[in-house]
2 protein chains.
Amino acid sequence: MHIDHPVAAPAVRPSNVDAAFLARLSDRFGEDCQTGQAIRDQHGKSEAHFTPMPPDAVVFARSTQDVADLVNLCRAAQVPIVPYGAGTSIEGHTLAVRGGVSINLSNMTRIVSVNAEDFDCTVEAGVRREELNLYLRDQGLFFPIDPGANATIGGMAATRASGTNAVRYGTMREAVLSLTVVTPDGKIVRTAQRARKSAAGYDLTRLFIGSEGTLGIITEVTLRLHAIPEMISSAVCGFDTLRGAVDAVVQSIQIGVPLARVEILDDMQMRAVNRWSKLDYPEVTTLFFEFHGSPAGVAEQVETVRELAAANGGGDFQWSNLPEERARLWKARHEAYYAAINLRAGAVGWTTDVCVPISRLPDCIEETKRDIAEAGLMAAILGHVGDGNFHVIFPIDPNRPEEFVAVAAINDRLVARALAMDGTCTGEHGIGLGKQSSLVAELGEDAVAMMRMIKQALDPDGLFNPGKIFAA
Amino acid sequence: MHIDHPVAAPAVRPSNVDAAFLARLSDRFGEDCQTGQAIRDQHGKSEAHFTPMPPDAVVFARSTQDVADLVNLCRAAQVPIVPYGAGTSIEGHTLAVRGGVSINLSNMTRIVSVNAEDFDCTVEAGVRREELNLYLRDQGLFFPIDPGANATIGGMAATRASGTNAVRYGTMREAVLSLTVVTPDGKIVRTAQRARKSAAGYDLTRLFIGSEGTLGIITEVTLRLHAIPEMISSAVCGFDTLRGAVDAVVQSIQIGVPLARVEILDDMQMRAVNRWSKLDYPEVTTLFFEFHGSPAGVAEQVETVRELAAANGGGDFQWSNLPEERARLWKARHEAYYAAINLRAGAVGWTTDVCVPISRLPDCIEETKRDIAEAGLMAAILGHVGDGNFHVIFPIDPNRPEEFVAVAAINDRLVARALAMDGTCTGEHGIGLGKQSSLVAELGEDAVAMMRMIKQALDPDGLFNPGKIFAA
């Protein structure tokens with residue numbers, strides 16, 4: 001069962017798709033245009049809790065020119081277009097709320113170029129991050145942005161994804177050097193050259209990053225890469241208190257430890273991880289660390305963090321240089337979402353995220369845990385503690401609609417709490433359908449009006465992913 | 001003597017400033033509104049080679065509300081507004097090409113808040129970077145962005161400044177968490193909360209960074225800060241060849257050395273530095289380094305770089321942990337611009353910058369040096385080699401207009417060369433008046449048309465710093 005978030009139920013309007021339009025699509029795209037119910041349904045749902053809204057047709061693009069041609073066909077007929085990558089977004093970004101055409105870019109998987117000496121590469125939007133890293137490994141390079149899911153690079157750019165490595169390597173905002181974008185008027189624009197920085201005009205690259213398909217369709221991405229560190233170590237440490245865990249991280253950053261990853265998992269999330277991944281960690285607030293550097297540098301980082309953990313109520317500090325240990329740890333972390341949902345048999349998941357200044361993180365998590373307990377619900381919390389960003393994952397009984405209503409209320413209070421702490425309503429999931437009123441609460445009517453002016457200027461017909469970020 | 005860059009001579013149009021308008025300014029701002037010739041002239045010129053264009057009046061703002069009130073007065077009378085900070089920009093950003101009011105924000109110097117545990121602070125736009133770092137020092141924090149000049153933080157945000165530390169700490173694009181902006185319709189907008197990352201809607205923060213006063217006036221800036229490193233060392237090393245120097249840097253980055261600063265100075269720039277700062281370095285292509293980290297980490301970095309320098313034709317590798325040695329070195333670097341101009345008695349300066357993928361940097365610099373020599377001119381080159389960004393500083397005889405023409409032609413060829421290498425026409429100086437046609441050459445008519453659509457949407461009357469980025 002799915003229900004909409006109460007604040008974000010968009011009006012369904014006619015999509016202008018008729019037989020003549022479908023015939024034109026079919027002429028141009030042949031078997032890459034599909035209208036079967038199963039494939040439309042697959043493109044109209046998401047991993048999250050939203051009611052599915054299928055498109056009228058799905059087109060599989062194989063090139064930037066395919067995308068431009070589709071845009072021109074849709075513009076002529078005033079048909080909405082919804083870009084689709086791996087379908088792993090969790091705020092309903094891919095739902096066709098006004099019908100129209102879902103454009104699937106997952107066949108655009110060419111690695112256009114790798115410039116090892118310049119630490120950059122250019123890939124088509126459908127390349128997934130795990131495949132990219134496999135491809136890069138032999139050249140001693142890696143792409144650090146890791147949102148958990150094996151998302152497409154295009155989708156990650158469109159939603160300003162980040163994840164476990166952001167504390168050291170930044171988010172998609174920092175990782176992208178340039179984009180190729182098809183604009184609502186059917187033009188193909190490259191937003192920047194390949195230089196590592198530029199002061200040339202408005203930052204179109206950053207404007208498209210996080211625009212959720214509402215301003216253009218990203219078809220190629222030029223990314224900054226990094227040298228694979230000489231040494232990588234990982235560590236796990238449970239803490240007496242949440243505050244102690246966060247303080248250990250803040251003090252590590254203050255002293256200059258360049259933490260590559262530092263994840264916080266609450267007691268409930270550790271229980272889920274233990275069950276799902278057959279592990280036996282203590283079920284207390286726990287930090288997962290990763291350290292990158294030279295052998296001596298990593299040894300120094302580990303020693304510093306071990307001391308700070310002990311000084312802040314940390315227990316046994318288990319660290320390892322073994323790749324298989326590290327892989328086991330991060331596999332457990334990456335499966336945390338599914339682990340949390342499986343805390344309850346037959347449950348469906350509702351996940352949300354906020355991000356606050358790190359000094360407010362203990363208060364924000366503690367108050368949220370109290371709120372969840374008082375509502376008689378169960379949820380797992382995990383987060384990117386170095387950024388102040390955390391997720392709450394609710395496993396919901398699909399046969400109890402009142403649970404959805406209760407979770408929606410907790411989510412609203414969570415957002416209000418984060419905003420009151422000078423935080424944001426979403427650190428990395430995006431606005432999509434679920435957080436449109438939160439966006440206004442966060443930045444005010446005037447700032448959102450400015451976003452709408454930009455949308456209106458670049459997409460005057462409102463055909464690009466309508467109903468996302470702002471109500472259609 | 002000043003001349004305009006031939007491609008960027010803007011049309012001067014009436015500014016709608018009349019006695020009644022000046023009386024309204026005077027009523028509202030009293031002595032903070034000035035119309036004397038000397039102060040208008042001061043605000044109408046720049047450090048660079050452009051013909052001065054004074055505003056009709058100068059208003060000294062003391063608060064965001066002052067700025068909003070001025071914007072509303074100007075909007076009602078359709079009078080242009082040009083924001084002014086420290087006046088250190090070098091592409092003519094502060095010139096009042098259509099007259100109007102120059103708004104000087106240099107009295108807005110409040111440090112609004114420092115959140116040491118969150119590694120951030122909020123300052124008014126007129127705070128200068130050196131004063132900010134003095135203020136932060138006791139708390140063990142620093143703000144790394146260093147464009148050389150002691151610019152205002154607001155001006156640095158407006159021009160997307162970067163400088164010597166960008167290789168490690170990024171540019172203003174990465175350093176700014178949030179802005180307070182007065183928009184062309186007189187609204188006061190905060191672009192983001194204080195969280196370190198956010199996926200909430202379009203990235204208004206990054207849209208204003210680098211918009212050169214054409215979309216809004218920045219009045220407050222929230223900045224990311226960093227812990228002052230436990231150990232800082234510096235080093236100097238001359239090289240047999242330019243290519244050897246760049247290769248030493250590329251290999252250092254590949255091996256994972258987190259260089260904090262790495263500057264390249266050519267033979268001519270070294271001659272200028274030696275003369276100006278009374279030093280006696282060999283007058284060959286030279287790298288200036290800075291290393292940040294723990295004592296052991298810095299020692300390891302120095303040793304690695306020393307070996308790579310030697311392997312690439314580096315000479316004597318002089319390094320030091322002494323703060324006074326470091327200060328002497330970076331003072332010489334920061335005075336490089338004046339040192340270069342003073343290579344010729346009575347000269348005026350024309351400076352330009354481009355940024356290319358680092359693998360193309362040796363070719364780009366070598367071809368540029370040949371071009372300068374063939375034109376019978378003299379220029380110094382220095383750059384942020386880790387970013388692929390370099391500056392050319394021409395000391396020009398003000399009594400020989402043909403030199404301006406020759407330099408303009410060299411600049412055009414330099415930009416064309418950088419673009420052909422997938423670089424940008426400006427790494428950190430901005431477009432201003434001098435690089436408007438270069439912007440079109442770099443990104444194409446369609447991308448620049450998109451920028452104009454945004455400008456038109458947010459500033460339909462075209463009153464905010466008219467004639468900059470695009471011709472008025």
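Arg206(A) is buried, with a relative accessibility of 2%. In this predicted model, the side chain of Arg206(A) forms a salt bridge with that of Asp203(A), at 3.1 Å from N to O. Asp203(A) is likewise buried, at 6% relative accessibility.

**Salt bridges**

Side chains of opposite charge can pair when their charged atoms come close. Over all chains the count comes to 68 salt bridges. The table lists several of these pairs.

| Residue | Partner | N to O distance |
|---|---|---|
| Arg206(A) | Asp203(A) | 3.1 Å |
| Asp422(A) | Arg190(B) | 3.1 Å |
| Asp66(B) | Arg28(B) | 2.7 Å |
| Asp446(B) | Lys187(A) | 3.7 Å |

The pair of Asp66(B) and Arg28(B), joined at 2.7 Å, links distant parts of the chain: Asp66(B) belongs to helix α3 (residues 64–77) of chain B and Arg28(B) to helix α1 (residues 19–29) of chain B, 38 residues apart. Asp66(B) is buried, with a relative accessible area of 10%, whereas Arg28(B) is partly exposed at 31%.

In chain A, a network of salt bridges links Arg129(A), Glu130(A), Asp146(A), Arg261(A), Glu290(A) and Arg326(A).

**The contact between chain B and chain A**

Chain B contributes 82 residues to the contact, and chain A contributes 82 residues. Between them the two chains bury about 7000 Å², of which 58% lies on carbon and sulfur atoms.

Salt bridges between chain B and chain A number 10. In one of them, Asp422(A) meets Arg190(B) at 3.1 Å. This pair crosses between chains: Asp422(A) lies in the loop between α15 (401–420) and α16 (436–458) of chain A, and Arg190(B) lies in strand β9 of chain B. Asp422(A) is buried, with a relative accessible area of 17%, while Arg190(B) is partly exposed at 29% relative accessibility. Another salt bridge joins the side chains of Asp446(B) and Lys187(A), at 3.7 Å from N to O.

There are also 33 residue pairs in polar contact between chain B and chain A, with both residues at pLDDT 80 or more. On the side of chain B that touches chain A, the elements giving two or more residues are α7 (172–175), β9 (188–190), α8 (204–208), α9 (242–254), α11 (295–311) and α16 (436–458) of chain B. The largest share comes from α16(B), with 12 residues. By residue class, this side of chain B divides into 35 nonpolar, 25 polar and 22 charged residues.

**The surroundings of His93(B)**

His93(B) is located in the loop between β3 (81–84) and β4 (101–104) of chain B. His93(B) is buried, with a relative accessible area of 5%. Its side chain makes a polar contact with the side chain of Glu212(B), at 3.1 Å. Beyond its neighbours within four places in sequence, His93(B) is in contact with residues including Val82(B), Thr159(B), His429(B), Asn465(B) and Lys468(B).

A disulfide is a covalent bond between the sulfur atoms of two cysteines. The count over all chains is 0 disulfides. For Cys33(B), the closest cysteine sulfur is that of Cys74(B), at 9.7 Å, which is too far for a bond because a disulfide requires the sulfur atoms to be within 2.5 Å. Cys33(B) is buried, at 13% relative accessibility. For Cys121(B), the closest cysteine sulfur belongs to Cys355(A), at 18 Å, and is therefore too far for a bond. Cys121(B) is buried as well, with a relative accessible area of 0%.

Methods. Residues are numbered from 1 along each chain as its sequence is written. Chains are lettered from A and ligands numbered from 1 in the order in which they are written. This is a predicted model: local features need pLDDT of at least 70, side-chain atom pairs count only at pLDDT 80 or more; totals for chains, interfaces and linings use all residues. Side-chain values use heavy atoms; hydrogens and water are left out. Buried means under 20% relative accessible area, exposed over 50%, partly exposed in between (1.4 Å probe, protein chains only). Contact means heavy atoms within 4.5 Å. Buried area is the accessible area (1.4 Å probe) that two parts lose on being put together, summed over both. A salt bridge is a side-chain nitrogen of Lys or Arg within 4 Å of a carboxyl oxygen of Asp or Glu. A polar contact is a pair of N or O atoms within 3.5 Å; within protein, one must be able to donate a hydrogen and the other to accept it, and residues adjacent in sequence count only if both atoms are side-chain atoms. Helices (H or I, at least four residues) and strands (E, at least two) are DSSP runs, numbered from the N terminus. Ala, Val, Leu, Ile, Met, Phe, Trp, Tyr, Cys and Pro count as nonpolar, Asp, Glu, Lys and Arg as charged, and the others, Gly among them, as polar.
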